[in-house]
Amino acid sequence: PVLILLGPPGAGKGTQARMLEERFGLVQLSTGDLLRAAVAQGTEAGLQAKAVMEAGELVSDAIVIAILRDRLADPDCARGVILDGFPRTTVQAEALDRLLAESGQKIDAAVSLEVDDAAMVTRISGRYTCAGCGEGYHDSFKQPQTEGTCDKCGGTEFKRRADDNAETVASRLQAYHAQTAPLIDYYARAGVLTSVDAMGEIDGIAARLAAIVDAAT
Ligand code: AP5
Ligand code: ZN
């Protein structure tokens, strides 16, 4: 199956995608993670993306589509994918439709995670992840069970993202409303959209998403 998670920065796309990955054996495809890896490796795409990401703006469609296309061609993606942070523009959505059509696939569900902008600033500014396995945490909402030790891998090193400061979050939210929110209509017209209230508890939202995946597959 192919599942899309739509929602502004901090809506919980990454958190929920990781939970769905574990529960259904699907592959989480985050263009944000792929771009951060390209920046860390200093690839051509990474060099072009770095400043744009630090400003909270969208990386060019050409770069993102090329990265996504390569990753989607990996054999493990045949198990099914959860797209987290892609598509983010109409051009990307149309490119995805074409890529899937080429391999005889289609979008089974697009879920819009509905949240308040104000709460997103709090969520993002408290966020950190395990440097070892990437598990996400939050200063107030999701601390490791043993302080300073990752629940998933036992790692003791954590990191914060360069773009997780109040100023950059404001431009990321603005980019979302201007360029990505129109995709809610795009997928509603395609008949695959479900909206989920994503202001509640992480586990309750995960249960709603699991029901959507069950119904769509
Ligand atoms: P990307 O990495 O995709 O970041 P984003 O969309 O800004 O999303 P986030 O990762 O910030 O949030 P999330 O929704 O995953 O929330 P999370 O689960 O972590 O993109 C980064 C940049 O890369 C972009 O700005 C752009 O420059 C570029 N880029 C990426 N893809 C692109 C594309 N397709 N086209 C062009 N450019 C692209 O949750 C946030 C925090 O809240 C966590 O701490 C979590 O523990 C906590 N939390 C989660 N759910 C809840 C809840 N229900 N209640 C309380 N706390 C919660
Ligand atoms: Zn870990």
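Trainee: How do I read burial here: is C130 buried or exposed?

Mentor: Count neighbours. A residue is buried if 20 or more other C-beta atoms lie within 10 Å of its own. C130 has 21 C-beta neighbours inside 10 Å, so C130 counts as buried. Keep in mind that this model is predicted.

Trainee: And how does C133 count, with its 13 C-beta neighbours inside 10 Å?

Mentor: Use the cut-offs again. Twelve or fewer would be exposed, and in between is partly exposed. C133 has 13 such neighbours, so it counts as partly exposed.

Trainee: Where do C130 and C133 sit?

Mentor: Look up the secondary structure. C130 is in strand β5, residues 127-130. C133 is in the loop between β5 and β6.

Trainee: Which residues does each one touch, leaving out those up to four places away in sequence?

Mentor: Contacts are read from C-beta distances. C130 touches E135, C150, K152, C153, G155 and F158. For C133, the contacts are C150, K152, C153 and G155.

Trainee: C150 and C153 turn up for C130 and for C133. What does the UniProt annotation say about these cysteines?

Mentor: An unreviewed UniProt entry annotates C130, C133, C150 and C153 as "binding site". They span 24 residues in sequence, yet no two of their C-alpha atoms are more than 8.6 Å apart, so the four gather at one spot.

Trainee: Which domain does the record give for residues 127-163?

Mentor: The unreviewed UniProt entry calls that range "Adenylate kinase active site lid".

Trainee: How do I read the shell around ligand 1?

Mentor: List who is there, then sort them. There are 34 residues around ligand 1, and P9, G12, G14, G32 and G85 come nearest. By class, the shell has 15 nonpolar, 12 polar and 7 charged residues. Elements that each supply at least two of its residues include α1 (13-24), α2 (31-41) and β6 (136-138).

Trainee: What is the strand order in the sheet?

Mentor: Five strands form an open sheet, ordered β2-β3-β1-β4-β8, with parallel pairing. β2 (27-30) and β8 (193-197) are the edge strands, each pairing on one side only. The twist averages 25 degrees from one strand to the next.

Trainee: How many bridges join β1 and β4?

Mentor: Strands β1 (residues 2-6) and β4 (residues 109-114) pair over 4 bridges, in the parallel sense. In β4, A110 stands opposite I4.

Trainee: Which strands does α9 lie across?

Mentor: Compare axes. α9 lies across β1, β4 and β8, and runs at about 165 degrees to β4. α9 (202-216) also supplies at least two residues of the shell around ligand 1.

Note on methods:
Residues numbered from 1 in each chain as written. Chains lettered and ligands numbered in written order. Predicted model: local features only at pLDDT ≥ 70, side-chain atom pairs only at ≥ 80, totals over all residues. UniProt positions renumbered as here; feature names shortened; annotations may be inferred. Near = placed C-beta within 6 Å. Nonpolar A, V, L, I, M, F, W, Y, C, P; charged D, E, K, R; others polar. Contact = placed C-beta atoms within 7 Å. Pairing = 2+ DSSP bridges. Axes fitted to C-alpha atoms, helices over the stretch in contact; angles between N-to-C directions.
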